[in-house]
Amino acid sequence: MQQTSASWRSVITTFIQQRLQAKLDKLKDDDPKWQELLAQYESVAWMQDAARRVAQIQAVTHSLKPIHPDARGTNLYVEPSSLPTLAELGSHVLGTNFSADVVGNAAALDVYKFLRLESGGRSLLAALQAGDADAMRALHDDPTEARALRDAFVGLTEAHTGEVSSHTLAKQLYWLMGDDPCADEQFELLAPLYATSLAHAVHAPIQEHRFGEANKAARQARRDGKAHEGVFHDYPGLAVQKMGGTKPQNISQLNSERGGVNYLLASLPPPTWKSSPLRLPMNVTSVFKRLFGARPLVRQTVHELRTSLESNPDPTMETRQRREALVDTLIDELVSMAAELQQGLPAGWTCDQDHYSKLAPEEALWLDPLRAELPGEAAFARDWQWMDWPAKVGQRFGGWLNQQLGSKLPVGDVEARVWKKELLTDDGFTEQIAQMDKLLDAAQADAGAGGAA
């Protein structure tokens, strides 16, 4: 497709009009804000405002916030193709095929979406960086104004003004560059950054291998001990790091697109570690007290939350944010515990009547979802797909947390509903259910196709 000024104008106009329409749909016809929005979303006016706001964000390939969300310092945008080629895995392997990340004010991320618009297989940002005349004319009829807008937009990939800096919350380490560890001058002080573009490239294949249909079929064949023509992908010791909690966009754009999920591959060897034995919910009605409540981080977080609330803090935004952060930590641990049981035990482990018959039905549905794929478990599969069990799990979580907060605090049904809502709207909890739902839907489709054949 040939790029022309008209094609760029069409893409830009469509983008701005779609954003305008989304705003207008929320207003009544006689709302006085109607005309204000029409003026605000006139193409030139919107682009001038976007050119002003682009300074609030920065395109990066290596970012600081994933190291610590409160760290303030330098982020870097480095073309992977410009990095030296090494034998080790690094960002250099991405070449020209990479996704740039964006950090900064989340409210200005729409500007980045604007610059990612494509015409003829080329992004607007790339066209402006190359000084494309058609893309320039699409910004403004006046060449001077067009160049001013272009200069502002391409500044997205440039380092913000000021000296390169680190922060007390960032990681730093001394690296021996010579042969004598006793000579201070042979050490360099390094400030590691998170290779966000590389992490995003790694995420896609792992996500496909964990939840894709091809690997699902290979996994089932392996489980059944049957021959299979495909390749089975597995990642022993894979860890999932959630960044940003319920607001992954506060870390970066790519982190938001992944729902905050970042995969950590096991580094073996070295180091070598011994994982603690998986604790099983044997002869219990619920996992909350015996398993979940016994986790060290859960005990510590509950103590902090109880101590904070018992101090009767002022009802400020800071108090609310601290309370939400502590509850988010509990929910993250709950999702991790569920993943450990789902992935660490064979499908159908809750069928063991000698050890797990007391476990509440909703918790069995939550923690042993792949049981629905087994022969003779049609009723279990129907109960899972009915989807009333997440709300019951939320009720159990709310009741458990109220109980942990003790008799000194006036917590009751209202608070329990708040804890329940926070769990049911948590990205990690909902994504875990959605991924399992996808696997079970695929299993039903395969079974239906087999019956038809």
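A salt bridge here is a side-chain nitrogen of Lys or Arg within 4 Å of a carboxyl oxygen of Asp or Glu. What you're looking at is a predicted model, where local features need pLDDT of at least 70, side-chain atom pairs count only at pLDDT 80 or more, and totals for chains, interfaces and linings use all residues. Residues are numbered from 1 along each chain as its sequence is written, and side-chain values use heavy atoms, with hydrogens and water left out.

**Salt bridges**

By that rule, the model has 17 salt bridges. Here are some of them:

| Pair | Closest N to O distance |
|---|---|
| E362 and R396 | 2.7 Å |
| R150 and D151 | 3.1 Å |

Take E362 and R396, which form a salt bridge. E362 sits in helix α14 (residues 361-367) and R396 in helix α16, so this pair ties together parts that are 34 residues apart in sequence. (Helices are DSSP runs of H or I with at least four residues, numbered from the N terminus.) How open are these two residues? Buried means under 20% relative accessible area, exposed means over 50%, and partly exposed is in between, using a 1.4 Å probe and protein chains only. E362 is buried at 13%, while R396 is partly exposed at 30%.

R150 and D151 also pair up. R150 counts as buried, with 17% relative accessibility, and D151 is partly exposed at 39%.

D49 is partly exposed, at 26% relative accessibility. Both residues also belong to a salt-bridge network that links D49, R52, R53 and D110.

**Two helices crossing**

Now back to α16 (residues 389-405), whose axis comes within 8 Å of the axis of α17 (residues 413-424), crossing at roughly 130°. Axes are lines fitted to C-alpha atoms over the stretch in contact, and angles run from 0 to 180 degrees between N-to-C directions. That makes α16 oblique to α17; oblique is what's left once you take out under 35 degrees (roughly parallel), over 145 (roughly antiparallel) and 65 to 115 (roughly perpendicular).

Which residues make the contact (heavy atoms within 4.5 Å)? Among them are F397 and L401 of α16, and W419 and L423 of α17. The contact residues split into 10 nonpolar, four polar and two charged. Nonpolar covers Ala, Val, Leu, Ile, Met, Phe, Trp, Tyr, Cys and Pro, charged covers Asp, Glu, Lys and Arg, and the others, Gly among them, are polar.

Definitions and conventions. Contact means heavy atoms within 4.5 Å.
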